[in-house]
Amino acid sequence: MSADTVPAGPLWAAMYHSITDPTDDPYQVTVSPDRLDRQLRWLRRRGLTGVSMERLLLARARGGHAGLIGLTFDDGYADFLTNAVPLLHRYRFTATVYALPGRLGGTNEWDRLGPRKPLLTEDGIREAAAAGMEIGSHGLRHTDLTKADDALLADETRGSREALNAITGAEVTGFCYPYGTVDERAMAAVRNAGYRYAVGIDPGPLTGLFALPRLHIGQEDTGPRLFLKRALHGRRREPVPYGPYPAAATGAERPGTATVPEGGGA
């Protein structure tokens, strides 16, 4: 069955940020490792599998994405490697982390409130890729693309992709819009930079392969809340139209999307 003939259906992609102690978090985007463990266990017990966005889109293009959930982690926090990856391996899941190559080893300086948190280094990005996680771009320095001039827009899209390609030694295919803000100009820049998809939060009428919607997952999301969010997701957001996913290689052929090692189960 070709991608063009598959009937439309909702994609479920979960949006995480930092995985650490959420006590001091005015933005309410931090999830504790214990809560993440319980959320991943909830998915596994219901026969759902967490995967990278690239794997989800490849499966959807073939009509086989039922039971797959895209797991995404914005901002490239160092705690993704130390706190999230071991839990993902426990349940034999993969995920996508969107890194900031212009802030390697730095902190989340764009957040005016809350604590400073360390970001992934070059070695950390390579280690995450070696662990089977997809590496995507979050721009160079977490810049709102809808407010960037042409030169800055090119740096944040094409420049960040080139930097991550050099770090990982693989082709980076995914982009994540900082702050979730997206317009047609930003979408065109991402597409022209060579990415194959991009994620936002709730892009509305712009929804498509270069503006994919996601669900925010927070510390308060227990099993019943996850159930409701999943049930309402397809109703509250524009449906993602089907179309061929222009992947040059399958996950088995390209670093960063490998199957996670055999390990513990649910």
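Reader: Is glutamine 28 buried or exposed?

Author: Glutamine 28 has a relative accessible area of 62%, so it counts as exposed. The term exposed means over 50% relative accessible area, buried means under 20%, and partly exposed lies in between, with a 1.4 Å probe and protein chains only. This is a predicted model, in which local features need pLDDT of at least 70 and side-chain atom pairs count only at pLDDT 80 or more, whereas totals for chains, interfaces and linings use all residues. Residues are numbered from 1 along each chain as its sequence is written, and side-chain values use heavy atoms, with hydrogens and water left out.

Reader: Where does glutamine 28 lie?

Author: Glutamine 28 is in the loop between strand S1 (13-16) and H1. Helices (H or I, at least four residues) and strands (E, at least two) are DSSP runs, numbered from the N terminus. Phi of glutamine 28 is near 55°, a positive value in a residue other than glycine.

Reader: And what is phi of tyrosine 179?

Author: Phi of tyrosine 179 is near 65°, again positive in a residue other than glycine. Tyrosine 179 sits in the loop between strand S6 (174-176) and helix H6 (184-192). Its relative accessibility is 45%, and tyrosine 179 therefore counts as partly exposed.

Reader: Turning to helices, at what angle do the axes of H1 and H3 cross?

Author: The axes of helix H1 (residues 33-45) and helix H3 (residues 79-90) cross at roughly 25° and come within 10 Å. Axes are lines fitted to C-alpha atoms, for helices over the stretch in contact, and angles run from 0 to 180 degrees between N-to-C directions. H1 and H3 are therefore roughly parallel to each other; angles under 35 degrees count as roughly parallel, over 145 as roughly antiparallel, 65 to 115 as roughly perpendicular and the rest as oblique.

Reader: Which residues make that contact?

Author: Pro33, Leu36, Asp37 and Leu40 of H1 make the contact with Asn83, Ala84, Leu87, Leu88 and Arg90 of H3, where contact means heavy atoms within 4.5 Å. By class, 6 residues are nonpolar, 1 is polar and 2 are charged. Ala, Val, Leu, Ile, Met, Phe, Trp, Tyr, Cys and Pro count as nonpolar, Asp, Glu, Lys and Arg as charged, and the others, Gly among them, as polar.

Reader: How do the axes of H5 and H6 cross?

Author: The axes of helix H5 (residues 150-168) and H6 cross at roughly 50° and come within 9 Å. That makes H5 oblique to H6. In H5, Asp150, Leu153, Thr157 and Arg158 meet Arg185, Ala189, Val190 and Asn192 in H6. This contact has 3 nonpolar, 2 polar and 3 charged residues.

Reader: What about alanine 193, buried or exposed?

Author: Alanine 193 is at 4% relative accessibility and so counts as buried. Alanine 193 lies in the loop between H6 and S7. Leaving aside neighbours within four places in sequence, alanine 193 is in contact with Thr157, Arg158 and Arg161.

Reader: Last one: which side chains are joined to arginine 214 by a polar contact?

Author: The side chain of arginine 214 has a polar contact of 2.9 Å with that of threonine 72 and one of 2.7 Å with that of aspartate 74. A polar contact is a pair of N or O atoms within 3.5 Å; within protein, one must be able to donate a hydrogen and the other to accept it, and residues adjacent in sequence count only if both atoms are side-chain atoms. Arginine 214 is in the loop between strand S7 (197-199) and strand S8 (215-216), and at 1% relative accessibility it counts as buried.
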